[in-house]
Amino acid sequence: MIQHRKTILVLAVLVLVSFGLTACRERPTIYVYNWGDYIDEDLIAEFEEETKLRVVYDTYATNEDMYVKIKSGGSTYDVIFPSDYMLTRMIEEDMLAKLDLVSIPNSLHIEERFLGLEYDPENEYSLPYTWGTVGILYNTTMVDDVVDSWDILWDPKYSKELLMLDSQRDSIAVALLKLGYSINTLDQDELAEAGELLKEQKPLVLAYVVDEGQDKMIAGEAALAVVWSGEATNARMENPDLAFAIPKEGTNVWFDVMAVPKYANNKEGAMRFINFMNDPEVALRNAEYTGYATPNKAARDMLPKEITEDRTIYPNEEDLVDAEIFVNLGQTLSLYDRIWTEVKAH
Amino acid sequence: MKRFSLFPYVIWMTLFIVVPMFLVLYYAFTIPTETGATWSLENFGRFFEPIYLRVLGRSLRLAVISTVICLILGYPAAMVMAGNAFTRKNVILLLFVVPMWMNFLLRTYAWLTILERNGVINVLLANLSLPRLNILYTEAAVVLGMVYNFLPFMVLPIYSVLSKIDKGVVEAAGDLGANAFRVFTKVVFPLSLPGVVSGVTMVFMPALTTFVISRLLGGGQFTLIGNLIEQQFLVVGDWGFGSAISVVMIVFILLSMAIMSFFEGEEKDVALW
């Protein structure tokens with residue numbers, strides 16, 4: 001009799017557990033890994049509502065952080081947001097899954113000129129999420145000169161008044177652009193020259209920052225800062241004294257894209273998420289929230305004219321003649337690493 | 001039975017201390033090649049280039065300065081708490097401990113707003129028509145951050161040793177004719193040495209390896225050893241060089257522990273660790 005009771009108990013437990021399991025199975029989950037403050041989080045709730053998928057949302061601060069986490073294999077994210085050069089690196093290292101464009105019909109809203117770019121020529125692995133440039137954000141009450149050249153970042157007049165990016169490719173790119181070289185140069189001498197220039201600039205720099213730069217500029221703590229265009233848009237809304245300029249020597253045009261890691265557990269859910277984010281209405285609200293330019297044509301057409309006609313946010317093609325996209329550097333990356341380590345240690 | 005109860009700790013230590021330690025050593029002494037890795041001292045050779053030795057020098061200098069300031073500020077505070085002059089000494093003790101309930105990063109961020117150009121201190125100074133103080137993003141700010149964050153680690157061990165000193169010994173010294181100064185130099189201070197030693201160690205080590213304080217309050221300009229290691233692992237991905245720096249750091253910490261235990265003498269059991 002006791003034996004029977006035990007059997008019944010075990011069966012009951014099993015039934016309960018299996019109920020629990022099916023309950024979980026009914027609520028599949030996708031894991032999304034994005035830059036900090038880079039999405040309108042209300043949209044995530046709406047996506048959950050619409051698809052009945054659960055979204056677990058995590059954030060990172062730099063491409064390199066994200067890369068290390070995916071590479072080490074300890075985590076299984078379904079959607080990630082690498083930048084152009086990092087995407088290429090991840091493709092080359094076979095870390096990504098191909099996108100299923102059939103299940104992303106909203107991809108047709110993406111402007112033609114943002115597809116088929118060098119970092120992912122066939123758009124097999126990625127669709128663009130935002131794009132922008134790098135330029136100089138400056139406080140018009142503190143800067144009298146015309147800001148149209150990277151040279152101003154080496155002007156001793158603004159000693160301890162300028163903020164540089166604590167990001168190696170971006171800061172080295174600024175020096176390369178000032179020197180008139182390609183931001184993707186593989187030439188050792190050109191890179192050494194850029195490194196020297198950055199060391200020379202170091203006494204003038206107030207601080208090397210990433211996220212704090214925007215706040216410091218809003219608070220009037222510095223006169224000039226190298227920032228990404230979307231941050232400039234946000235900062236200018238908070239402090240009308242600020243202005244943004246893309247220097248005449250050229251700039252870096254960058255793309256942050258949506259991609260799916262190779263070992264994602266819920267690739268189907270990931271495709272639905274990417275499709276959702278490319279819905280014109282959703283992309284519009286997201287662009288309004290983040291302040292970054294959207295590659296989604298339908299969304300862009302719905303944005304207010306004063307935003308889409310602002311060439312610092314949506315530069316037109318002639319503004320971008322001298323602009324370059326970062327490419328993955330392969331082995332030469334270690335030279336960039338070394339130069340940046342030396343600049344920082346100087 | 002005793003052996004058996006130790007078992008989980010041995011496994012824990014092997015998994016999380018010994019194995020990682022060997023991994024660090026492995027990465028430090030190898031360089032990647034086409035086919036795998038080969039033994040090499042290249043990573044260490046690179047560390048001994050002048051530019052990185054300067055980083056090491058700067059780290060040691062700032063750590064020593066911070067430790068000395070902590071000692072100068074912390075010892076009298078510990079004496080006040082251990083003595084009888086002040087009746088509410090628990091309140092002071094609590095005041096030292098309460099900030100530690102808050103997150104370390106948050107406390108360091110708070111200093112950013114206090115020290116910045118239009119920050120709390122400067123607004124106050126401006127209202128008093130005094131000249132402004134621009135110390136954010138300087139070495140002074142980094143030292144300030146270290147002293148602020150690590151001061152409790154100096155005060156608490158010294159306090160715990162001082163409060164255990166037998167009052168009779170101090171009274172005896174007085175009865176035998178020593179003035180207050182001699183009582184302190186000949187009796188109290190020597191007896192408190194174990195506390196000073198553990199306080200110094202507990203401030204010096206984190207000060208030597210910190211990377212958050214120097215990045216936030218130094219604005220990324222004052223690269224310390226900790227920043228260099230962090231950069232190698234998180235940004236650059238050069239695990240070999242990062243591990244080599246870590247190994248050098250371990251050597252320095254072992255050295256400082258050896259020096260400290262020499263001073264510590266026999267009374268190890270009084271110290272906090």
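**Architecture of chain B**

Analyst: The secondary structure of chain B consists of 12 helices and 2 strands; the model is a predicted one. Read from the N terminus, the order of elements in chain B is α-β-β-α-α-α-α-α-α-α-α-α-α-α.

As to overall dimensions, a box of roughly 75 × 70 × 35 Å, taken along the principal axes, is filled by the C-alpha atoms of chain B. Chain B has 273 residues, of which 33% are buried. The contacts of chain B may be considered by their separation in sequence. Of those between residues at least 6 apart in sequence, 70% join residues at least 24 apart.

Chain A may be set beside this description for its domain arrangement. Chain A is divided into domain 1, covering 7–129 + 255–314, and domain 2, covering 134–252 + 322–345. Between the C-alpha centres of domain 1 of chain A and domain 2 of chain A the distance is 29 Å. To their contact, domain 1 of chain A supplies 16 residues and domain 2 of chain A supplies 15 residues. On the side of domain 1 of chain A that touches domain 2 of chain A, helix α4 (residues 84–92) of chain A provides the largest share, 5 residues. By residue class, that side of domain 1 of chain A comprises 7 nonpolar, 5 polar and 4 charged residues.

Technical notes. Residues numbered from 1 in each chain as written. Chains lettered and ligands numbered in written order. Predicted model: local features only at pLDDT ≥ 70, side-chain atom pairs only at ≥ 80, totals over all residues. Domains from an automatic or database assignment. Contact = placed C-beta atoms within 7 Å. Helix = DSSP H or I, 4+ residues; strand = E, 2+ residues; numbered from the N terminus. Nonpolar A, V, L, I, M, F, W, Y, C, P; charged D, E, K, R; others polar. Buried ≥ 20, exposed ≤ 12 C-beta atoms within 10 Å, placed from the backbone.
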